[in-house]
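Student: I would like to go through this structure with you and ask, term by term, what stands behind each word.

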Amino acid sequence: MGLGASEAETLEKTPGGPEGTGPGESARSLWSDAWRDLRRNPVFIISGLVILFLVVISIWPQSIASGNPLVCDLSKRQQGSQPGHPFGFDGQGCDVYTRTVYGTRISISVGVLATLGVALLGSLLGGLAGFYGGLSDSLLSRLTDIFFAIPVVLGGLVLLSVVTSNTIWPVVGFMVLLGWPQISRIARGSVITTKQNDYVQAARALGASNSRLMLRHITPNAVAPVIVVATIALGTYISLEATLSYLGVGLKPPTVSWGIDISSASAYIRQAPHMLLWPAGALAITVLAFIMLGDAVRDALDPKLR
């Protein structure tokens, strides 16, 4: 039985699908329901506040740390907490508190930039492959298999060992290069599932172009799994940056990084454990906050968990 003109028009105009709302009812969607659930989730609130604080001090570190992270006094090397220096000093006599605060900027920047790059590249390639299928889908599947076979840390040791730049871009580029296959597979599967829904088929029957189908009907309903994975992956990229910097192939001095400080402090763990405790604690809290945020977003966006 075919669709009438008025019914077909309704399917085309209703965002996200054929189901509308009755008279007097406010429009509801996956996103509005998810936001309502998130506001009631204490895990989301706590992790969101922690992340907001980290973002603020990464933009304005001088608001809570008045010192210079590169100014050191060798006469105070490895000394513990003192008035005005609550975290003590590192092996070069630098203020650990100031370096921990300023290290937030690098970690957040690397995590956000890597996540954006991975999400955009992976979603674009995976979404197009899932929508068109055929040869492009087969080529993407084989390409992702190749990248999945590369150990991340080993790949970083090989690729970044020849880089001499002190900027964050080589590290971000490496993460994007090895991180996009995971997002692409998730985007591909989500697009394949979404394009089989009735409202997409109805829009196609009405003559909607491929670009309209992708932008108006498929992308808004297929992007939720990508957002969840990207949110959790952000914390993983921050941890990966610290790992590569600890191994000496990531960021390099004089860049202020938690990974660099942890690497420098590891040799003095018995004599001055405070040198390792504070940057490692900041790293752990940051990664945990993003993982908790990702879990909360997943619970809100996954209808099976409602």
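Student: Where in the chain is Y268 placed?

Tutor: Y268 sits in the loop between α11 and α12 (274-301), where helices (H or I, at least four residues) and strands (E, at least two) are DSSP runs numbered from the N terminus. This is a predicted model, in which local features need pLDDT of at least 70 and side-chain atom pairs count only at pLDDT 80 or more, while totals for chains, interfaces and linings use all residues. Residues are numbered from 1 along each chain as its sequence is written, and side-chain values use heavy atoms, with hydrogens and water left out.

Student: Why does Y268 count as partly exposed?

Tutor: Buried means under 20% relative accessible area, exposed means over 50%, and partly exposed is in between, with a 1.4 Å probe and protein chains only. Y268 has 26% relative accessibility, and therefore counts as partly exposed.

Student: How far apart are the C-alpha atoms of Y268 and Q78?

Tutor: They are separated by 8.5 Å, although the two residues are 190 residues apart along the chain. Q78 belongs to the loop between α3 (42-59) and α4, and because its relative accessibility is 21%, Q78 counts as partly exposed.

Student: What makes the contact between D295 and R298 a salt bridge?

Tutor: The term asks for a side-chain nitrogen of Lys or Arg within 4 Å of a carboxyl oxygen of Asp or Glu. For D295 and R298 the N to O distance is 3.8 Å, and the side chains meet in a salt bridge. Both residues lie in helix α12, 3 residues apart, which is about one turn of the helix. R298 also meets D299 in a salt bridge, at 3.3 Å from N to O.

Student: Are D295, R298 and D299 buried or partly exposed?

Tutor: D295 is partly exposed because its relative accessible area is 27%, R298 is partly exposed at 35%, and D299 counts as partly exposed at 32%.

Student: Which salt bridge does D90 form with R99, and why are these two residues called buried?

Tutor: In the salt bridge between D90 and R99, the closest N and O atoms are 4.0 Å apart. D90 counts as buried because its relative accessibility is 13%, and R99 is buried because its relative accessible area is 9%. D90, R99 and D261 are linked in a network of salt bridges, and the count by this rule comes to 8 salt bridges.

Student: How many cavities of 30 Å³ or more does the structure hold?

Tutor: The structure holds 2 of them. On a 1 Å grid over the protein atoms alone, a cavity is a set of points where a 1.4 Å probe fits but cannot get out, and lining residues have an atom within 4 Å of a point. Grid points are joined across faces, edges and corners, and a volume is the space filled by probe spheres set on the points. The largest cavity holds about 40 Å³ of space, and its lining includes L160, N166 and K252.

Student: How do the residues of that lining divide?

Tutor: The lining of the largest cavity has 6 nonpolar, 4 polar and 1 charged, where Ala, Val, Leu, Ile, Met, Phe, Trp, Tyr, Cys and Pro count as nonpolar, Asp, Glu, Lys and Arg as charged, and the others, Gly among them, as polar.

Student: What lines the second largest cavity?

Tutor: The second largest cavity is lined by T115, V118, A119, I183, A230, A233 and Y237. The elements that give two or more residues to this lining are α4 (96-132) and α10. Its volume is about 30 Å³, and its residues divide into 6 nonpolar, 1 polar and no charged.

Key. On a 1 Å grid over the protein atoms alone, a cavity is a set of points where a 1.4 Å probe fits but cannot get out, and a pocket is an open set with protein on both sides within 12 Å along at least five of seven lines; lining residues have an atom within 4 Å of a point.
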